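Take a look at the model below.

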Amino acid sequence: MSVDPGDDPHVRLLLGAYVLDALEAEETRGVARHLRGCDGCARVYVEMTEASALLALLRAEDLRE
Ligand SMILES: [Zn+2]
């Protein structure tokens, strides 16, 4: 149940894929666990989530027509 942090102990390289739900299940668990314990990465994650949600809204608007 441990994920090797490798060269990126703060999982930021994985956050983009995490937001898009594009990670392997094991990576997803590792990122989720890190976010619970790291305010810095949690903040980056929230910003990415908001940006992603806005993009999704725009896309939904585009698809309405
Ligand atoms: Zn971190």
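**From one residue to the fold**

Val31 lies in helix H2. Helices here are DSSP runs of H or I with at least four residues, strands are runs of E with at least two, and both are numbered from the N terminus. This is a predicted model: local features need pLDDT of at least 70, side-chain atom pairs count only at pLDDT 80 or more, and totals for chains, interfaces and linings use all residues. Residues are numbered from 1 along each chain as its sequence is written.

Is Val31 buried or exposed? Val31 counts as buried, because it has 21 C-beta neighbours inside 10 Å. The cut-offs are simple: buried takes 20 or more other C-beta atoms within 10 Å of the residue's own, exposed takes 12 or fewer, and partly exposed is in between, with C-beta atoms placed from the backbone. Leaving aside residues up to four places away in sequence, Val31 touches Val11, Leu14, Leu15, Tyr18 and Leu23. Contact means that the C-beta atoms of two residues, placed from the backbone, lie within 7 Å. Take Val31 and Tyr18: they are 13 residues apart in sequence, and their C-alpha atoms are 7.5 Å apart in space.

Now widen the view to the helix pair. Two packed helices are described by the angle between their axes and the distance between the axes. H1 (residues 12–19) packs on H2 (residues 25–37) at about 115°, with the axes 10 Å apart. H1 is therefore roughly perpendicular to H2. Axes are lines fitted to C-alpha atoms, for helices over the stretch in contact, and angles run from 0 to 180 degrees between N-to-C directions. Angles of 65 to 115 degrees count as roughly perpendicular, under 35 as roughly parallel, over 145 as roughly antiparallel, and the rest as oblique. The crossing of H1 and H2 is left-handed. That term applies if the near helix is turned anticlockwise from the far one by less than a right angle; clockwise gives right-handed. Leu14, Leu15 and Tyr18 in H1 meet Glu27, Thr28 and Val31 in H2. By class, the H1 and H2 contact has four nonpolar residues, one polar and one charged. Nonpolar covers Ala, Val, Leu, Ile, Met, Phe, Trp, Tyr, Cys and Pro; charged covers Asp, Glu, Lys and Arg; the others, Gly among them, are polar.

H1 also meets H3. Their axes come within 10 Å and cross at roughly 35°. This crossing is right-handed. From H1, the contact uses Arg12, Leu15, Gly16 and Val19; from H3, it uses Cys41, Val44, Tyr45, Met48, Thr49 and Ser52. Six of the residues in the H1 and H3 contact are nonpolar, three are polar and one is charged.

Val11 sits in the segment before H1. Its phi is positive, about 50°, although Val11 is not a glycine. Val11 is buried, with 23 other C-beta atoms within 10 Å. Asp21 lies in the loop between H1 and H2. Asp21 has a positive phi too, about 60°, and is not a glycine. Asp21 is exposed, because 7 other C-beta atoms lie within 10 Å.

Finally, the whole chain. There are three helices and zero strands, in the pattern α-α-α. Of its 65 residues, 14% count as buried. The average pLDDT, the predictor's confidence in each residue from 0 to 100, is 86 for the chain, and 86% of the residues score at least 70. Confidence is highest in H2, at 95, and lowest in H3 (residues 39–64), at a mean of 88.
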